[in-house]
Amino acid sequence: MAEVTRPIFEGMEPAGKAVFYAVAAVSTVIFGWGAWRRARKYRMGRAAGRGPAVRAALSRRLRAIGTGTSVSRGNRATGLAHFFILWGFLVAFLATVILTFDTDVVRWISRLITGHEDSFFHGTFFIVFTFVVDTMGFAFLVALVGMAVRRGVRRPLRLRYDRAGAPAGGYSRRRLVQGDWLFLGLLLAILVTAYLLTGLRILGQGMPWFSVFSPFGRTVAEALSGLGMTPAQAVTAHGVVWWAHASLALAFVAYVPYSKAMHMLVDVVNLLATDRSAILGLPGPPPGAGHPGYREIPDFTWKELLDLDACTKCGRCHEVCPARTGGAPLSPRDLVLDLRQWVDKSAGGRTLLDRERRPERTGPLAAGGGVRIAGDVIDADALWSCTTCMHCAEVCPVGIEHVPTIVQLRRSLVDEGTMGPTLQQALQNLAAQGNSFGRSARTRARWVRDLGFPVPDARQQAVKYLWFVGDYASFDERLQDNSRALAGILRAAGVDFGLLYEAERNAGNDVRRVGEEGLFEMLAEQNIKALRQARYEEIFTTDPHTLNALRNEYPALGASYQVRHYTELLAQLLESGAIVVRPLGYRVTYHDPCYLARYNNVVDAPRRILKALGCELVEMPRHGVDSFCCGAGGGRIWMDDSLLRERPSQNRIAEALRLDVTQFVVACPKDVTMFSDAVKTARTDGRVDDRLAVRDITMLVQEAMLGPGRAPAAGMSADDLSVQERNNVGAGPEMKP
Amino acid sequence: MRIVVPIKAVPDLVEEIDLAADETGIDREYLTFVISEWDAQALEEALLLKDAGGAEVVAVGLADDPDIDQLLYTALAKGADAAVKLTGAGAAGPSGPSGTRTADRAALLAAYLDAQPADLVITGVQAADDLDGQLPSRLAALLDLPHVSVVIGVEVGGGSATVRQEFAGGRSHELQVQMPAVIGVQSARQAPRYAPITRIRQAMNAGGLSELAVPARAAGDGLVVRRVHRPEASGKAEMMTGSAGEVAGQIVGLLRARGLVKG
């Protein structure tokens, strides 16, 4: 009986072996050179301080990488295919390592020591090895074919490389497409030759019994035999195909660091080093650079440079981006690819088929001294289009943090004074009066006057809760009713709360994201000083943006607070019975604010409120942490929308209109403004009748306390509520969750 | 070329402005002060001249103006080469509830410009509390220099300045004026630039603000404020009711009745 194994370098002359080792050495050197160039590029970046993040979650993150959770999230078929490609590749790679170890280490050392060649590549080990490699290889092949069909036939939006904003002189991304096909094609060719090789060997060996453990290789052998190939012919053909396979494999090794194949190394590091908290609370300007925003490659951290190479152009960010969706000249993918190409060009990187071409030297092709990253390489309009909604980073399967890079580039624009007039006015208002409306800071708490009851000044007397109201809830006359309603509800529920009155300033969350770091610091210092003068146990905010600033931005300035959103407080009051309501029975949908859901993971509280109010919640397809931005964040609310084809808020209202709901419930003051405008626009366009109302969740709570349909026009007086509460006792259907 | 830009602090008009007890001015105690918007235009025009061909731009303010340090540091952050705060005997002037009188302001600035002459003095054509635009013309008279006001653009070359002066209805004409000269700017060629707070803070930390005592100088006659009046409501808004079509019809009728549209 034949020994259960297969010969290595079967029938090969020593000269052939020498050629193989020589080519292998050359391809390894080419790989090493490319990898070294990449490493050198990342070393140009400054420290990123990711040590703690990596250590804290190392095993969890390794597990996530191994199972590919970030790839399969929301894309199960793609995730499954990628899983088999990842593990098929790893198995093939490990198989090669094992064979190399057996051939070049074990046999060689044993010959030195014992005088004859020992090998572990036979018997049971061989059978298990063959079976695993053969089946995983086939799964790998099927997955690759699936990916090829997706890319070539189905062509989803995210895999099309049209730029969000096309340069005036035109551009071509055909090479990017060719590069993708080269990668796919190389892997496919390697796999196809591998199975051909296995089939030829099995046929040449005369179909030994143990070849059943290579089920797919044996199938190939049977097919070849069926086509009339003799074992002798198979042996001859094997020699030729062996060289084809070996050449392809070695070419692939050399190709890796110059192509998107490098993602298999770069993305492991990128996923281990990614740090969400660096988006929630942004990093400061580059220390010691002498300028507040990014201008040159050494301003970037190594992680930010690695981010650029990590991108596989999967286009998930491109698809979800509210700016891109609305027709703005920003796509997070374009941002990453443009920066990558420019950094590569400037730092001498080498890539194969990974470049956009343009007839003019603009954007990523900009050359020469005086090229500004913010403004020339990346268009200023693209940078100003970002709402910092963080959906890009949320869906990125490889841990790219787009938002901080955008803000660093915006800091450069602000430093140069390159901004639109409406934004400039808002910033000047914020600098002069601490609010974007440009109203006198002394009138910030004027809305309290019409309440009919006093609200304590937390600087004068101790309170349990400090209510950080925010600009919109304080100054926008359409939203002051919401604020008064909330005050009335809290008073009726016996909540002890107070305000900072005129000492409150805009918290600066979006000022920081605009890139006006100095103004953010000024506002934060003023707020921190005011909060230091106040006596309270806990803070709650109306505005999710304020919540984010107090919770995630102020700690870097030495001020940490216990801070909640008002929906969390209301949910608690409803569930504890402090607020007594009658069910409303409305069919509603709820819009998750980016800074509440995605940034701060407050997803349940508003839904608990709706449940307690007896409302039927119909979810929009994009909800929870996958919510779609209203378009106001990151300072966009202070800029004009002239670059947009469709406002994100209109896109969102269109989504809600496809559901059969009467109320569009929000939990952010800016959302009331944004979506009321969007509904008005839809109404003007004749796309909606009066059936969809945009309402802050506060107003629903108020209505449920008064009884359905009894929403007061202005602020609810506490007397109304207490009377209502008395009436409610033992009177009819009362809800106490 | 040395360009001096006198700037002035005026109350931020978003504030609720109350009259002082004697009703000859406003209660300035709790007000926020900002740069007079025409002075911001003047500074921008001066900085544009600097950007175009090189000039030394000096922003000058009165120490008596509230929040003047902040405004001068902002000018430095925008690109002014120096900032001077005028103090000393007489600098205070008769600073009543309305601040320094324009006549006294002009006298102080003239004293400074006598000691440190400029090739061009560019300032706002008017201010919220100097609506008849006395400052540039008084300054020119005191310095015995040529003067152009309501200017919307300045270019410099060969010892003279070419300025555009604005008339109603978008018309303008071009004048040539021998330097040194005093120019009252209506608006700069572009909107005043933004001064990032970081740069203002850097300017503050660098302490580039110098103080200079100027000798008192006869101010000449100026206006005396006898009484300031509260705004009086002179009419009410008319609310239109009805459907969109009806309201549109009412608006068209109104516009026709007032001769604002023909036909």
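Leaving aside its neighbours within four places in sequence, with which residues is A:Arg695 in contact? The tour of this predicted model returns to that residue once its surroundings have been displayed.

**Chain A as a whole**

The chain contains 31 helices and eight strands, and its C-alpha atoms fill a box of roughly 100 × 65 × 55 Å along the principal axes. Of the 737 residues in chain A, 47% are buried. Among contacts between residues at least 6 apart in sequence, 80% join residues at least 24 apart.

**The parallel sheet of chain A**

Next, select the strands β5, β6, β7 and β8 of chain A. These four strands form an open sheet with parallel pairing, in the order β6-β5-β7-β8. At its edges lie β6 (616-617) and β8 of chain A, each of which pairs on one side only. Within the sheet, β5 (residues 587-590) and β7 (residues 663-666) of chain A pair in the parallel sense over three bridges. To locate this pairing, pick A:Tyr590, whose bridge partner in β7(A) is A:Val665.

Helix α27 (residues 604-612) of chain A lies across β5, β6 and β7 of chain A and runs at about 170° to β5(A). Helix α30 (residues 697-706) of chain A also packs on the sheet, where it touches β7 and β8 of chain A. The direction of α30 makes about 85° with that of β8(A).

**A:Arg695**

With the sheet still displayed, select A:Arg695, which is found in strand β8 (residues 693-696) of chain A. Beyond its neighbours within four places in sequence, A:Arg695 is in contact with A:Gln663, A:Val665 and A:Leu700. A:Arg695 counts as buried because 20 other C-beta atoms lie within 10 Å. A distance from A:Arg695 to A:Val672 may also be drawn: the two are 23 residues apart in sequence and 6.6 Å apart in space, C-alpha to C-alpha.

**Helix α21 of chain A**

Move to helix α21 (residues 477-492) of chain A. Its 16 residues reach 23 Å from the first C-alpha to the last, close to the 22 Å expected at 1.5 Å a residue. The helix is mostly covered, with 14 of its 16 residues buried. Just after α21(A), select A:Gly494, which takes a positive phi of about 75°.

**Two backbone exceptions in chain A**

Most residues other than glycine have a negative phi. Two residues of chain A can be selected in turn as exceptions. A:Arg155 has a positive phi of about 40° although it is not a glycine, and its place is in the loop between α6 (123-154) and α7 (174-204) of chain A. A:Met390, likewise not a glycine, has a positive phi near 70°; its place is in the loop between α16 (380-384) and α17 (391-395) of chain A.

**Where chain A meets chain B**

Display both chains and select the residues in contact between them: 19 residues of chain A are in contact with 13 residues of chain B. On the chain A side, α18 (402-416), α19 (421-433) and α23 (517-533) each supply at least two residues. α19(A) gives the most, with six residues. The chain A side as a whole divides into nine nonpolar, six polar and four charged residues.

**Chain B**

Finally, hide chain A. Chain B is divided into domain 1 (2-213) and domain 2 (234-263), and the C-alpha centres of these domains lie 42 Å apart.

Select β7 (residues 147-157) and β8 (residues 160-166) of chain B, which pair in the antiparallel sense over six bridges. The two strands form a hairpin with two residues between them, and B:Gly158 in the turn has a positive phi of about 60°. B:Val151 stands opposite B:Gln165 in β8(B).

From B:Gln165, continue to B:His173 in β9(B), which stands opposite it. β8(B) and β9(B) pair in the antiparallel sense over seven bridges. They form a hairpin with five residues between them, and B:Gly169 in its turn has a positive phi of about 70°.

The last stop is B:Pro180, in the loop between β9 (172-178) and β10 (181-185) of chain B. A cis peptide bond joins B:Met179 and B:Pro180, with omega about -5°, whereas most peptide bonds are trans.

Technical notes:
Residues are numbered from 1 along each chain as its sequence is written. Chains are lettered from A and ligands numbered from 1 in the order in which they are written. This is a predicted model: local features need pLDDT of at least 70, side-chain atom pairs count only at pLDDT 80 or more; totals for chains, interfaces and linings use all residues. Domain bounds come from an automatic or database domain assignment. A residue is buried if 20 or more other C-beta atoms lie within 10 Å of its own, exposed if 12 or fewer, and partly exposed in between; C-beta atoms are placed from the backbone. Two residues are in contact if their C-beta atoms, placed from the backbone, lie within 7 Å. The expected span of a helix is 1.5 Å times one less than its number of residues. Ala, Val, Leu, Ile, Met, Phe, Trp, Tyr, Cys and Pro count as nonpolar, Asp, Glu, Lys and Arg as charged, and the others, Gly among them, as polar. Two strands pair if DSSP finds at least two bridges between them. Axes are lines fitted to C-alpha atoms, for helices over the stretch in contact, and angles run from 0 to 180 degrees between N-to-C directions.
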